[in-house]
Amino acid sequence: MSNPYAPPDPTREAPASPPAGPSHPRAPHGPTPAGMPGHPGPRPAPTPRPVDEALAARAAWHARLFGLLVLSSLLVSTLPLPWQAASLVFALVGLVVGGRALQLALRSGARGSLPAALGLGVAVAFFWSFVTAGMLLLWPVQVAHQECVAGALTVSARHACEQQYEQDLKDWQSRLEQRAATA
């Protein structure tokens with residue numbers, strides 16, 4: 001048996017035509033399905049829709065504004081509680097702007113990472129809206145905790161604040177369960 005990886009022997013004659021029969025042992029004999037009646041053959045690749053540059057530029061501008069609004073929402077949520085309420089406003093406005101940017105990106109025919117990144121960003125903004133709304137539902141508990149921590153000067157005082165916060169959360173949850181049971 002000869003070595004299949006060796007270079008061809010220059011003294012040997014090359015075959016004039018390829019051997020008859022299928023090139024693969026399982027290849028079908030006879031005409032291919034494209035040549036058979038009723039089979040149209042392979043479809044040509046669809047031509048991609050041209051990108052509307054003006055719409056793509058507007059989508060990119062809206063995407064930057066969306067990112068700025070979501071980042072603002074995240075940063076404002078770290079402030080003390082009266083200012084944390086603005087976090088929900090930033091998140092909701094960001095959600096609207098992000099949805100509009102996604103719509104523009106899809107309508108423009110933009111390809112690449114812009115539509116995917118906007119879709120993921122809108123999902124994150126939607127989730128973040130619920131998180132900030134949940135924080136605002138706990139407004140009285142959060143205010144009491146912030147006031148307690150602001151006045152705590154020692155580690156044991158901070159620990160007492162955390163214990164009180166956990167107890168307030170449990171009380172709030174039990175009141176909510178009682179309301180649900182009576183309704």
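Student: In what order do the elements of the chain run from the N terminus on?
Tutor: In this predicted model, the secondary structure of the chain amounts to five helices and zero strands. From the N terminus on, the elements therefore read α-α-α-α-α.

Student: Among contacts between residues at least 6 apart in sequence, what percentage joins residues at least 24 apart?
Tutor: The chain has 183 residues, and 22% of them count as buried. For contacts in the chain between residues at least 6 apart in sequence, the share that joins residues at least 24 apart is 68%.

Student: What distance does α1 reach from its first C-alpha to its last?
Tutor: Helix α1 contains 24 residues, for which 34 Å is expected at 1.5 Å a residue. The span in the model is close to that expectation, at 34 Å.

Student: Which helices are included in what covers the buried residues of α1?
Tutor: The buried residues of α1 include Leu55, His62, Phe66, Ser73 and Val76. The cover over the buried residues of α1 includes α2 and α3.

Student: Which residues touch the most other members of the largest nonpolar core?
Tutor: This core has 13 residues. Helices α1 (53–76), α2 (81–108) and α3 (113–137) each supply at least two of its residues, and the largest share, six residues, comes from α1. The residues that touch the most other members are Phe66 and Leu118.

Student: Which residues does Phe66 touch, not counting residues up to four places away in sequence?
Tutor: Phe66 is one of the buried residues of α1. Leaving out residues up to four places away in sequence, Phe66 touches Gly94, Val97, Gly98, Leu118, Gly121, Val122 and Ala125.

Student: Is Ser87 buried or exposed?
Tutor: Ser87 lies in helix α2. Its relative accessible area is 0%, and the limit for burial is under 20%, so Ser87 is buried.

Student: What distance separates the C-alpha atoms of Ser87 and Ser73?
Tutor: Not counting residues up to four places away in sequence, Ser87 touches Ser73, Val76, Ser77, Trp128 and Thr132. Ser73 is 14 residues from Ser87 along the chain, and the separation of their C-alpha atoms is 4.4 Å.

Student: What distance does α2 reach, and which residue follows this helix?
Tutor: Helix α2 has 28 residues and reaches 41 Å from its first C-alpha to its last, close to the 40 Å expected at 1.5 Å a residue. The residue that follows α2 has a positive phi, near 80 degrees, and is Gly109.

Student: Which helices are included in what covers the buried residues of α2?
Tutor: Among the buried residues of α2 are Leu81, Gln84, Ser87, Leu88 and Ala91. The cover over the buried residues of α2 includes α1, α3 and α4 (139–151).

Terms used. Residues numbered from 1 in each chain as written. Predicted model: local features only at pLDDT ≥ 70, side-chain atom pairs only at ≥ 80, totals over all residues. Heavy atoms only, no water. Core = buried A, V, L, I, M, F, W, Y, C linked by side-chain atoms within 4.5 Å. Buried < 20%, exposed > 50% of the residue type's maximum accessible area, 1.4 Å probe, protein only. Helix = DSSP H or I, 4+ residues; strand = E, 2+ residues; numbered from the N terminus. Contact = heavy atoms within 4.5 Å. Expected span 1.5 Å × (residues − 1).
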